Amino acid sequence: PAGGPTESTVEALRPLLSRGDCIIDGGNSFWRDDVRRGKALAADGIDYMDVGVSGGVWGLERGFCLMIGGPRETATRLDPIFKALAPGRGSIPLTPGREGRAASVEEGYLYAGPCGAGHFVKMVHNGVEYGLMQAYAEGFDVLRNADSPGVDADHRFTFDVADIAEVWRRGSVVSSWLLDLTANALAREEKLESYSGYVEDSGEGRWTVLAAIDESVPVEVLSAALYARFRSRQSHTYAEKIISAMRQGFGGHLEPKKKT
């Protein structure tokens, strides 16, 4: 995790290492911390690599998408490690027009730039993830409430949201792994009564919004998705239960235990 645990681990390792050794941070650290650590360790001749990792608990089977920051020469030296952890090309077709460009990205790992760049890319990845999850969640909430008493009787619909999730997986432009996880959860438990709808955030969404402020870039969807998570801790909707189910599906994230 970001913050104290990573900081103390790096400081504990530092006196044990020699020139030419390398520390790889594969967690979700704040990219500004990576910049600082990289400079401090470089003074001792120690390389520091920040590697954003995506793939959740399924990465053990599928391989991990890697976003790498640090000295380029060190990234080249460690390439066999990154290639072994990445998912490889698999059955995904090559994007037309990519001929002659970096081949590693087709294997599932990217050298993003100097220290901090890897976790910066992963930070934005997670910000986008928040937005995607929120869009699915709100859409299914609208579908589930299409028969609400406040709707005119002849305009009400009673939908099987599990079936809708399943049909969207097949040929739809909104098909995705997150939708697969949603369909799995709804097939098991359409009302999602085992979830409270309390949605945590691990920091990357906040940092993405802060970076956007620094860059004067509008991020209405990403910031709204982050604020929706804050609101979920006060009152819970079916949409938040959808997000909780997705988070458990891809990352094994469990909701906080209910206070008694």
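I started with the largest pocket, which holds about 1,300 Å³ of space. For my own reference, a pocket here is an open set of points on a 1 Å grid over the protein atoms alone, where a 1.4 Å probe fits, with protein on both sides within 12 Å along at least five of seven lines; lining residues have an atom within 4 Å of a point. Grid points are joined across faces, edges and corners, and the volume is the space filled by probe spheres set on them.

Before going on, I noted that this is a predicted model, with local features needing pLDDT of at least 70 and side-chain atom pairs pLDDT 80 or more, while totals for chains, interfaces and linings use all residues. Residues are numbered from 1 along each chain as its sequence is written, and side-chain values use heavy atoms, leaving out hydrogens and water.

Next I looked up the lining of the largest pocket: it has 41 residues, and Ser-54, Gly-55, Cys-65, His-125 and Trp-177 lie nearest the centre. Helix 7 (117-144) gives the largest share, seven residues. By class I found 14 nonpolar, 18 polar and nine charged residues; Ala, Val, Leu, Ile, Met, Phe, Trp, Tyr, Cys and Pro count as nonpolar, Asp, Glu, Lys and Arg as charged, and the others, Gly among them, as polar. Domain 1 (4-115) and domain 2 (122-233) each contribute at least three residues to this lining; the bounds come from an automatic or database domain assignment.

Then I checked the second largest pocket, at about 190 Å³. Its lining includes Ile-68, Phe-82 and Tyr-111, and divides into eight nonpolar, two polar and two charged residues.

Last, I turned to the two domains, whose C-alpha centres are 30 Å apart. How many residues of each domain are in contact? I found twelve in domain 1 and nine in domain 2, with contact meaning heavy atoms within 4.5 Å. The domains bury about 870 Å² between them, 62% of it on carbon and sulfur atoms. Of the area domain 1 buries against domain 2, Asn-28, Phe-30 and Met-67 supply 44%, more than any other three residues. Buried area is the accessible area (1.4 Å probe) that two parts lose on being put together, summed over both.

I also counted one salt bridge between the domains (a side-chain nitrogen of Lys or Arg within 4 Å of a carboxyl oxygen of Asp or Glu). Arg-32 pairs with Asp-214 in a salt bridge, with the closest N and O atoms 3.1 Å apart.

Terms used
Helix = DSSP H or I, 4+ residues; strand = E, 2+ residues; numbered from the N terminus.
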